[in-house]
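Here is a short briefing to read alongside the sequence and the coordinates. Take a moment to turn the model around, then follow the topics below.

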Amino acid sequence: MYKRQAARKAVTGAGLKLYLKSGFSSTVTVFEVPEETTADAILDGVKKDYNIMLAGSFDVLAGKVIRIGHMGNNATFYNVREVFAALDGTLAKLGVPLKASMEKIFCESIREQIYSIYRNMHVAVEVDDYHFSRELLYEVDDGAYYDIYLLDIELPDMSGMELAQKLREKAPYC
């Protein structure tokens, strides 16, 4: 649910149009291809420049929409974030003006959803996020302390399990 909401907020916040205002599917976010470009140009650019494969559609929607999956093993926070970074770069290269970065909107929306969960439990929290494990490890080496670590299993530079082990070695209090 969180990635779906964040994905749709990223698309609309950047000024793109969702296909069906409700977003319709709980497993994909579908947006209309901007008039400044084509679906093939977007799909080819994302694949060529970022090695990410996105899907268009077929039949009457062929060439009119792009689909972003956000469910299943490949739809980790990191992977979906990378999709939005790739779309930001590809659309900029194609001359499509965006109101804001989809990657930044996606990340901020996830952060806000985390805060909302804790606010509803009446717990005050401060959330720091790190895109790479090594960033967190440097902070811990410099004396950073956290009461709770929420780790994704799939991180770009090591697995969440490896990171948890390193954190236990560096900070046995966690």
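## Overall picture

The chain holds six helices and two strands. This is a predicted model, and from the N terminus on its elements run α-β-α-β-α-α-α-α. Along its principal axes, the C-alpha trace spans about 55 × 35 × 30 Å.

**Burial and contacts**

- Of the 174 residues in the chain, 39% are buried.
- Taking the contacts with a separation of 6 or more, 60% are between residues 24 or more positions apart.

- Neighbours within four places in sequence aside, alanine 86 is in contact with Val46, Tyr50 and Ile52.
- Glutamate 103 is 17 residues from alanine 86 in sequence, and the two C-alpha atoms are 8.6 Å apart in space.
- Threonine 90 also lies in helix α3, and at 2% relative accessibility it counts as buried.
- With neighbours within four places in sequence again left aside, threonine 90 is in contact with Ala41, Ile42, Gly45, Val46 and Tyr50.

**Aromatic pairs**

- How many aromatic pairs does the count come to? The count comes to three.
- Phenylalanine 84 and phenylalanine 106 form a tilted pair, with 5.4 Å centre to centre and 35° between the planes.
- This pair links distant parts of the chain: phenylalanine 84 sits in helix α3 (residues 77–93) and phenylalanine 106 in helix α4 (residues 102–120), 22 residues apart.
- Phenylalanine 84 is buried, with a relative accessible area of 0%, and phenylalanine 106 counts as buried at 0% relative accessibility.
- Tyrosine 130 and tyrosine 146 form an edge-to-face pair, with 6.5 Å centre to centre and 80° between the planes.
- That pair too links distant parts of the chain, 16 residues apart: tyrosine 130 is in the loop between α4 and α5, and tyrosine 146 is in the loop between α5 and α6.
- Is tyrosine 130 buried or partly exposed? Tyrosine 130 is partly exposed, with a relative accessible area of 27%, whereas tyrosine 146 is buried, at 15%.
- Ring pairs join Tyr130, Tyr146 and Tyr149 into a cluster.

**A charge over a ring**

- Arginine 134 lies over the face of phenylalanine 132, at 4.5 Å from the ring centre.

- Helix α5 (residues 133–141) has Ser133, Leu136, Leu137 and Val140 as its buried residues.
- Seen down the axis of α5, these buried residues fall within an arc of 100°, so they line one face of the helix.
- An α-helix has 3.6 residues a turn, so residues three or four places apart point the same way.
- Among what covers the buried residues of α5 is α6 (160–170).
- In α6, the buried residues are Gly160, Leu163, Ala164 and Leu167.
- Viewed down the axis of α6, its buried residues also fall within an arc of 100°, so they line one face of that helix.
- The buried residues of α6 pack against α5, while the face of α6 turned away from its buried side carries the exposed residues Met161 and Glu169.
- After α5 comes glycine 143, with a positive phi near 100°.

**The largest pocket**

- The largest pocket contains about 1,200 Å³ of space.
- Its lining is made up of 34 residues, and Ile114, Val127, Asp128, Leu150 and Leu151 lie nearest its centre.
- Which helices each supply at least two residues of this lining? They include α1 (2–13), α3, α4 and α5.
- α4 gives the most to the lining of the largest pocket, with seven residues.

Notes
Residues are numbered from 1 along each chain as its sequence is written. This is a predicted model: local features need pLDDT of at least 70, side-chain atom pairs count only at pLDDT 80 or more; totals for chains, interfaces and linings use all residues. Side-chain values use heavy atoms; hydrogens and water are left out. Buried means under 20% relative accessible area, exposed over 50%, partly exposed in between (1.4 Å probe, protein chains only). Helices (H or I, at least four residues) and strands (E, at least two) are DSSP runs, numbered from the N terminus. The arc is that of the directions from the helix axis to the C-beta atoms. Contact means heavy atoms within 4.5 Å. Rings of Phe, Tyr and Trp (its six-membered ring) pair if their centres lie within 6.5 Å; planes under 30 degrees apart count as stacked, over 60 as edge-to-face and the rest as tilted. A charge sits over a ring if NZ of Lys or CZ of Arg is within 6 Å of the ring centre and within 35 degrees of the ring normal. On a 1 Å grid over the protein atoms alone, a cavity is a set of points where a 1.4 Å probe fits but cannot get out, and a pocket is an open set with protein on both sides within 12 Å along at least five of seven lines; lining residues have an atom within 4 Å of a point. Grid points are joined across faces, edges and corners, and a volume is the space filled by probe spheres set on the points.
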